[in-house]
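Trainee: Hey, could you walk me through this one? I'm new to reading structures.
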Amino acid sequence: MTETTFRAFRIHADAEPVRASLETISLDALTPGEVVVRVHYSSINYKDALAATGRGRILRRSPLNGGIDAAGIVDTSQSERFAPGDAVVVTGCSLSETRDGGYAEYVRLPADCLSPLPDGLTLADAMIIGTAGFTAALAIHRLEENHLAPDQGPVAVTGANGGVGQMAIDLLTARGYAVTAYTSRPAHADALRALGAAEVRDVAELSASEGPLGKTEWAGAVDNLGGDALGALVRRTHPWGSVASIGLVASPHIDLTVMSFILRGVSLLGISSANCPCALRRAIWQRLGADLRPRHLAAMHSGTVTFDELPGVFDDLLECRLTGRVLVAVARA
Ligand SMILES: NC(=O)c1ccc[n+]([C@@H]2O[C@H](COP(=O)([O-])OP(=O)(O)OC[C@H]3O[C@@H](n4cnc5c(N)ncnc54)[C@H](OP(=O)(O)O)[C@@H]3O)[C@@H](O)[C@H]2O)c1
């Protein structure tokens, strides 16, 4: 039963500096939708930290509740596709951009945003996976659509200790790929090997300048960094291999020539989880409960924070003091 007022971590981004704090709001304040969901868990992604701190321009309207992920139980529904009591998950879908997000005890969303919670996952599992795991799975889906297979050679993963990086290592190695993890924190190499990485290398290796074509090493790559690393991955990818571009933690720019594309047939695949078409989103979530179910969820779950602890966590993520996935416990115990 919907409460009249509830707690939300609300971001006001219409003036500098961006303000974000816990507020008490009512259902009427939420952006519109057919389905009201009682949120049990959310998670913390790089984009959430950019939005909450104002270090990235994520909100396109203000104010909004933060949180690009949510998992919970349908409270009320005006859609035939969902009924009260259904367990659902939402990742991306413009949450914390143009729609109120998952850092609130309730979200109200169009039915198209919601995916049924896959069999085999709890609500907490789904948010340990969250946008990070969904995006890693989407990248693997697109790489394999583009004919990547384990017998073609190793796959590189950058930003390896982050949420997307750890998920990508787990999912790729479960499918039989030999993964080379690139990290700026080699002290965590053992944890990356425990997730399945065959090799761990220093990411500084990907900033060395070289000509327009490098010595080929990879059949494929999953990149979270952008900048020099993405350029180097493309230059060192085998003929007809593919590189999935996910993130920009180092830089949104790439210094590249077209040579890898026109002489080697290398593909650069853009991965955009936020606006992934509804049918593909649901299919990927079903796979995350089945053939793409992460094997090391407990190891990748680096901690759980309450609403009260949430404001203190964003700087830790942006300053690279966290690894893996942080869960946000939204429902009151
Ligand atoms: N396209 C999409 O749909 C989509 C979806 C989700 C995320 N993303 C993007 O993907 C990226 C990763 O997201 P995430 O949630 O996994 O973030 P995260 O948990 O903060 O992980 C980022 C990782 O990148 C590495 N790193 C951080 N700053 C760095 C720097 N300046 N230079 C080199 N390496 C650095 C660190 O790994 P090491 O310690 O191993 O070096 C860090 O753990 C972000 O840019 C995010 O916005 C995009």
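This is a predicted model: local features need pLDDT of at least 70, side-chain atom pairs count only at pLDDT 80 or more; totals for chains, interfaces and linings use all residues.

Trainee: Okay. Which domains does the protein chain have?

Mentor: The domain assignment gives domain 1, covering 5-117 + 296-329, and domain 2, covering 132-270.

Trainee: And how many residues of domain 1 are in contact with domain 2?

Mentor: On the domain 1 side it's 12 residues, and they meet 14 residues of domain 2. The centres of domain 1 and domain 2, taken over C-alpha atoms, are 29 Å from each other.

Trainee: What area do domain 1 and domain 2 bury between them?

Mentor: About 1100 Å², with 60% of it on carbon and sulfur atoms. In domain 1, the residues losing the most area to domain 2 are H296, M300 and T323, which together make up 43% of what that side buries.

Trainee: How many salt bridges are there across that interface?

Mentor: Zero between domain 1 and domain 2, by the rule used. The rule does find six residue pairs in polar contact across the interface, though. The side of domain 1 that touches domain 2 has five nonpolar, five polar and two charged residues.

Trainee: Switching topics: which residues come nearest to the ligand?

Mentor: T183, S184, R185, I271 and S273, out of 23 residues around the ligand.

Trainee: What does S184 do there, in terms of atoms and distances?

Mentor: One of its polar side-chain atoms is 2.6 Å from an oxygen atom of the ligand. With N161, a backbone N or O atom lies 2.8 Å from a ligand oxygen atom. I271 also uses its backbone: a polar atom there is 2.7 Å from a nitrogen atom of the ligand.

Trainee: So how much of the ligand's accessible area does the protein cover?

Mentor: 84% of the 920 Å² that the ligand has on its own.

Definitions and conventions
Residues are numbered from 1 along each chain as its sequence is written. Side-chain values use heavy atoms; hydrogens and water are left out. Domain bounds come from an automatic or database domain assignment. Contact means heavy atoms within 4.5 Å. Buried area is the accessible area (1.4 Å probe) that two parts lose on being put together, summed over both. A salt bridge is a side-chain nitrogen of Lys or Arg within 4 Å of a carboxyl oxygen of Asp or Glu. A polar contact is a pair of N or O atoms within 3.5 Å; within protein, one must be able to donate a hydrogen and the other to accept it, and residues adjacent in sequence count only if both atoms are side-chain atoms. Ala, Val, Leu, Ile, Met, Phe, Trp, Tyr, Cys and Pro count as nonpolar, Asp, Glu, Lys and Arg as charged, and the others, Gly among them, as polar. A residue is near a molecule or strand if one of its heavy atoms lies within 4 Å of it. Accessible areas come from the Shrake-Rupley method with a 1.4 Å probe; for residues, only the protein chains shown count as cover.
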